[in-house]
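Visitor: I've got a model to look at and a few "how do you know" questions. Can you walk me through it?

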Amino acid sequence: MNKEIIARAGEIIEKNTGEASYCVLALIDSEGYPSASTISASKADGINWITFCTGISGTRTERINNCSRASVCFNGSDYNITLVGTMEVLTDPEVKKEMWYDGLSNHFTGPEDPSYCVLRFKTNRYNLLVDWKEARGRL
């Protein structure tokens with residue numbers, strides 16, 4: 001049963017990537033409190049990892065550099081997918097190019113823009129409600 005729910009959750013996440021969809025990203029701020037914000041996911045591999053694109057000098061990257069613990073939540077009328085794990089800031093040119101999507105041109109000059117970076121979230125544990133079925137566990 002868990003494998004089916006995990007697979008379905010992964011499909012939902014992958015469908016909700018790109019500029020037209022949003023999820024909530026929670027990071028730990030400089031005072032040790034969780035701070036949540038809405039962000040578009042760039043790409044995903046099921047519930048295993050998700051990437052996000054943002055500015056290198058933004059508050060998100062500052063928070064990640066101070067504490068890599070993070071949580072991501074996707075929700076809709078028949079699902080709530082909550083993932084807990086770690087986040088890293090990537091500046092590798094190939095990764096930046098691979099994760100680039102058109103909507104980012106509103107904020108950056110292109111994938112080579114030095115102020116643009118990629119955040120990669122890796123899931124450690126999950127709490128899923130998908131099609132009214134629940135699953136909790138660790139990867």
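**Pocket and core**

Guide: Five nonpolar, six polar and two charged residues make up the lining of the largest pocket. Here Ala, Val, Leu, Ile, Met, Phe, Trp, Tyr, Cys and Pro count as nonpolar, Asp, Glu, Lys and Arg as charged, and the others, Gly among them, as polar. This is a predicted model, where local features need pLDDT of at least 70, side-chain atom pairs count only at pLDDT 80 or more, and totals for chains, interfaces and linings use all residues. Residues are numbered from 1 along each chain as its sequence is written, and side-chain values use heavy atoms, leaving out hydrogens and water.

Visitor: Why is Ile50 called buried?

Guide: Buried means under 20% relative accessible area, exposed over 50%, partly exposed in between (1.4 Å probe, protein chains only). Ile50 has 0% relative accessibility, so Ile50 counts as buried.

Visitor: Which residues does Ile50 touch, leaving out those up to four places away in sequence?

Guide: Contact means heavy atoms within 4.5 Å. By that test Ile50 touches Ile13, Ala41, Lys43, Ala44, Val72, Phe74, Leu83, Leu119, Arg120 and Phe121.

Visitor: What makes a nonpolar core, and which residues have the most contacts inside the largest one?

Guide: A core is a set of buried Ala, Val, Leu, Ile, Met, Phe, Trp, Tyr and Cys residues joined through side-chain atoms within 4.5 Å. The largest has 28 residues, and Ile50, Phe52, Phe74, Ile81, Leu83 and Leu128 have the most contacts inside it. A second, separate core of 10 residues includes Cys53, Trp100, Tyr101 and Leu104.
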